[in-house]
Amino acid sequence: MATILTGSFVSDGTQFNLALRSGYDMFQLVNITDVGSAAANTNVMRAWGSSSMPDGSAYLNLKTSGAATLALESMITTAGFTFWDSGNPPTFAVNTVIGGTAASPVVINVTAHGYAVGDTVIFKNLTGGGSQSLSGLQFTVIAVGDADHFTIPFDGAVGLTGAITGGSVTKIIPNPFAPRNIVIGQTALATLNGVANQLTFNLNEAILNGTTNLMFGTYSVGAKLRLNIPTSFNTTTPFLPTTINSLIGTITAVTAQGGYNSFANQVTVQLSTPIAASTLLQYPVGAANFRRSYPFVSDIAEVSTILTEAEDNKGFLGITVGTGVQTTGKLYQWFARKGYSL
Amino acid sequence: MPDLIHKTMAMKKRLPDRSGQTLRMRRYNNLQTATVPLGPSGVTPPPQTLSALDIDAKVEWYGSYVLITDQVTLINEDPVLNEAASLLAQSLRETEDSLTRNMLQATAGFINCTGGTDADNPTEMTYNDIQGVIRSLVTANAKRITETIEGENKYGTGPVRQAFFAMSHSNLIPNIENVANFIPVAQYPSQMNILQAEWGSVSNVRFLVSSLGSISTGASALGADVYNTFISGQESYACIDLDGASASFIYRPLGYGDDPLLQRQTAGFKFAEAQRILNDAWIINLRSTLSL
């Protein structure tokens, strides 16, 4: 191994990303806090993974409970280490959608989905409950119920006429440039929030930088957005006034839709152009509305006083350290190694 | 070497060195017209307020290199270092092109093709879909990039309108040729001022194609690949170089650094660049699938 890089962190128990700019081949963690401890716990003492191992896997040594020794080395296949090169993103398996709830938010049932909170997924060939129009759209996974269920930021109670009954879903790595255009996919698409010329709407994807996702956008308060509402959406009842299409607004608030989680996807914008009072903008559902262009927001300009919102390449080369290879509150030293091929 | 089409229509801007990492560009908004007579009262009307949009682009550094051992250069018949230099140049330009493509794919406003018959969303590209983009661009006051190519008395040719440029993947060629009113390059009345990657025109759009064109894998409603065609007016996006770092070829001979036995030499490139849409109303990503 020709190159060694090292550092340390105190675990907060959450998954995080570590940029290793030269593309390292091996990564190792060592628990510093518990060295010599005979306490009654099974904390993670040592973990390592290589770039050739499957995403999320690791070799692991836990502490023997009640003794200052290591348990036998074990293996995990999820929540371990994932080596990333967003310039050559991996492809992921297509999973079959068994079903989805017509609730707020929508919970999707996929056997052994393997997704983590913050992942981006795209649906295809959805059936049931008018969900066909959601096919081809990207969503951020905002919660993981169990190995077979995950949640997306969509109000199925309003946006679907019944349960989702089939289809498929795939995890993807979104384009690294940010802020990206993001589809306004929520059924209760836009509401007048009682303040003059302000609109609040929900996006399919999270928009703030997160520690668990590499590719979030960076929309924040003060940035200017353009609302793009295709003509076809104006013909759906109830509808948004045609006058709102292509208007520019300044973001006044960024929040999490319905308090689902900490992944912000709800934006309030102050429009410079007066708009008429309106009812909710409905996202058209069902087979009859299948073939449409989507409404979306696009970033157009920056906070006028500070340089915070430059369009940026957020491509990432490094490693994701999962929750299964660390114990909360413990100090870990890490080593990254890179070698030459013979 | 593939045709590099994505920077062709970009404005070229420079960030002076020692000016930080971010270039701030400012576009002032149009003033209202003044169609009401001042009248005889002598009362001064209120002034208009200037307003502007600030558009920032953050320069990033990119680079790569190859490592060549002494034995490779001594044993191989080929001039390996010369070949490496050529390949690095190609990699540099393809990297620049891909960065611009990726930026456009992520941040350009999009319209799905819906006029086709392939039962997917988006559908394959049709004349009406292209007309929808032209309408949006012209309504947003985007300027066409090329002038009209006037008709001439040549058999089988037809005039080409003043046009926006479209940047597409070469896989779309059959679908583009299948669009109503398509005019191939060979049927332009004049072969002057035609770009190497140009394939033809439809209405007010001239198409450039490349194997480096943009694809969103498996992103259609039925899971097919979605092809992103960027249709651009003048000055819709920019590529920004950092003064003194636009492109460097870096060679380190045998023995450089930690190499006591003169075993390794390296050659590489490095550059700093930013890409940015300047007016999102002047460039549109027309998303389509393949039907042919």
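View 1. Over C-alpha atoms, the centres of domain 1 and domain 2 of chain B lie 31 Å apart. Domain 1 of chain B covers 11-28 + 55-105 + 238-277, and domain 2 of chain B covers 110-237 + 279-288. Such bounds come from an automatic or database domain assignment. This is a predicted model: local features need pLDDT of at least 70, side-chain atom pairs count only at pLDDT 80 or more, and totals for chains, interfaces and linings use all residues. Residues are numbered from 1 along each chain as its sequence is written, while chains are lettered from A and ligands numbered from 1 in the order in which they are written.

**View 2. Where domain 1 of chain B meets domain 2 of chain B.** Domain 1 of chain B brings 11 residues to the contact and domain 2 of chain B brings 10 (contact: C-beta atoms, placed from the backbone, within 7 Å). On the domain 1 side, α2 and β14 (264-277) of chain B each give at least two residues. Helices (H or I, at least four residues) and strands (E, at least two) are DSSP runs, numbered from the N terminus. By class, this side of domain 1 of chain B holds four nonpolar, three polar and four charged residues. Nonpolar means Ala, Val, Leu, Ile, Met, Phe, Trp, Tyr, Cys and Pro; charged means Asp, Glu, Lys and Arg; the others, Gly among them, are polar.

**View 3. Chain B against chain A.** Here 31 residues of chain B contact 33 residues of chain A. From chain B, β2 (22-28), β3 (52-58), α2 (80-107) and β5 (109-112) each supply at least two residues. The chain B side splits into 12 nonpolar, 12 polar and seven charged. The model has ipTM 0.86 and pTM 0.89.

Terms used:
Two residues are in contact if their C-beta atoms, placed from the backbone, lie within 7 Å.
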